Amino acid sequence: MKNFSIKKKCFPLFLFVFISFFFVKISNSSNSNDNKLNKSSKNIDIANTIINHVSDSYEWHVIGTHNNGITFYLPIILWNNGLECFSSSQFLKKNIVLGNYGYYTMYHGKIYTTNNSGKLHFLKQGVIKNKKPWDFSITKNVISIFLSSFLLCYLFLRMRYSYKNHYPKWKFGIFLESMILFLRNDIAIPNIGKNKYKSYFPFLLTSFFFILINNLIGLVPMFPNVTGNISVTFTLAIITFVITNVNANKNYWIHNFWMPGVPIGIKLLLAPIEFIGIFIRPLTLCIRLFANITAGHILILSFICLIFIFKSFFVAGFSIIFGFFIFILEIIVSFLQAFIFTTLSSLLIGTAVKEE
């Protein structure tokens, strides 16, 4: 029993060492955005390693290098006066890819149209003049979203069919039910109201569990950082913005633009500020979630990369210990950020639909 207790206490440390091992392997990989490997250099590009981990790409790099490792090359789907479909591995073989409707090249993870020489035209400010085709490619973030959505459907369908006599027989289903009741009783009803919360509760539940599961998946080695992508968080914020303003009643608009009981001069001063605030409030949802999740990943990778910078056993021990605490903190932050986004979304919806 004593040995079992020791193993149980050491499990989190073993878990982090395992994760560190995979981050070390990722650190030895090439730049997935530029697809260029400097074989003559033994130094690790720390900045590119961190940026590659937290950014999206057209390939899912698992471990090792591109030549001696595991990499899944995803399909690139473009619209450039016609539909273009080819594998992202084409950019690994050559800098220029010939499609049915033109030539394409990749620069810093973005695809541009070019000529047969692959030339990019830069403006004085460093802006690329070449046109970008409409990009509908399946990136690693898209694949991760499909996987997380499938996992959520599986968990809740299994929970649904585990009920017998109004009680879930599945132990994890009991945990999910307690979370749902918490979201209903402590977030949705207090912020939106008992009479109106049911119309918006499915959205709040979906937002919470979608953010939570992608936050947690992003901490698993080899998996992408979906909620650390500002496009994803911006889309979630836009959905909240649309639901809030489409369902807003007249009291919401009156209190925003023509506040009752306020002098006319103050009303004229506050109305433009309130109008800007309508757009700023959902924007803060986007930036808060993106910044907190991305910062955690950058911190963990920074501690791991210190090992390669100083090449010292003392620094290695320091990096693993402090990286472990950041990793545990990130698990807590994953739950906290899902809770904050859902709570603030319910507050915004509640201010728009509640009666005076």
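Which residue stands opposite Thr105 in strand 7? Tyr112 stands opposite Thr105. This is a predicted model, in which local features need pLDDT of at least 70 and side-chain atom pairs count only at pLDDT 80 or more, while totals for chains, interfaces and linings use all residues. Residues are numbered from 1 along each chain as its sequence is written, and side-chain values use heavy atoms, with hydrogens and water left out. The protein has ten helices and eight strands; these are DSSP runs numbered from the N terminus, with helices being H or I of at least four residues and strands E of at least two. Of its 356 residues, 42% count as buried. Buried means under 20% relative accessible area, exposed over 50%, and partly exposed in between, with a 1.4 Å probe and protein chains only.

**Contacts across the chain**

- Among contacts between residues at least 6 apart in sequence, 60% join residues at least 24 apart; a contact means heavy atoms within 4.5 Å.

**Strands and hairpins**

- Three strands form an open sheet in the order 4-3-8, with antiparallel pairing; two strands count as paired if DSSP finds at least two bridges between them.
- Strand 4 (83-87) and strand 8 (134-135) stand at the edges with a single partner strand each, so one side of each has no neighbour in the sheet.
- Strand 3 (residues 75-79) pairs with strand 4 in the antiparallel sense over five bridges, and Ile77 stands opposite Cys85 in strand 4.
- Strand 5 (residues 96-98) and strand 6 run antiparallel and are joined by three bridges; Leu98 has Tyr103 in strand 6 as its bridge partner.
- The hairpin of strand 5 and strand 6 has four residues between the strands, and Gly102 in the turn has a positive phi of about 155°.
- Strand 6 and strand 7 also run antiparallel, joined by five bridges.
- The hairpin of strand 6 and strand 7 has two residues between the strands.
- His108 lies in the loop between strand 6 (103-107) and strand 7 (110-114) and has a positive phi of about 50° although it is not a glycine.
- His108 counts as partly exposed, at 49% relative accessibility.

- Helix 4 (residues 140-161) has 22 residues and reaches 32 Å from its first C-alpha to its last, close to the 32 Å expected at 1.5 Å a residue; the expected span is 1.5 Å times one less than the number of residues.
- Lys140, Asn141, Ser144, Ser148, Leu152, Leu155 and Met159 are buried in helix 4.
- Seen down the axis of helix 4, the buried residues fall within an arc of 105°, so they line one face of the helix; the arc is that of the directions from the helix axis to the C-beta atoms.
- On the other side of helix 4, the exposed residues are Phe146, Phe150, Arg160 and Tyr161.
- Ser162 is in the loop between helix 4 and helix 5 and counts as buried, at 11% relative accessibility.
- Leaving aside neighbours within four places in sequence, Ser162 is in contact with Tyr167, Pro168, Lys169 and Trp170.
- His166 is found in the loop between helix 4 and helix 5 (171-192), where His166 is exposed with a relative accessible area of 78%.
- Phi of His166 is positive, near 65°, in a residue other than glycine.

**Nonpolar cores**

- The largest nonpolar core has 43 residues, of which Leu183, Ile192, Phe201, Phe208, Phe209, Ile211 and Ile349 touch the most other members.
- A nonpolar core is a set of buried Ala, Val, Leu, Ile, Met, Phe, Trp, Tyr and Cys residues joined through side-chain atoms within 4.5 Å.
- Not counting residues up to four places away in sequence, Ile192 touches Tyr197, Tyr200, Leu204, Ser346, Ile349, Gly350, Val353 and Lys354.
- A second, separate core of nine residues includes Tyr58, Ile76, Phe86 and Phe91.

**Record annotation**

- An unreviewed UniProt entry places the feature "transmembrane region" at residues 138-157, 200-223, 230-248 and 298-329; UniProt positions are given in the numbering used here, feature names are shortened, and annotations may be inferred rather than shown by experiment.
- Residues 138-157 are 90% helix and 0% strand in the model, with end C-alpha atoms 27 Å apart.
- Residues 230-248 are 89% helix and 0% strand, and their end C-alpha atoms lie 26 Å apart.
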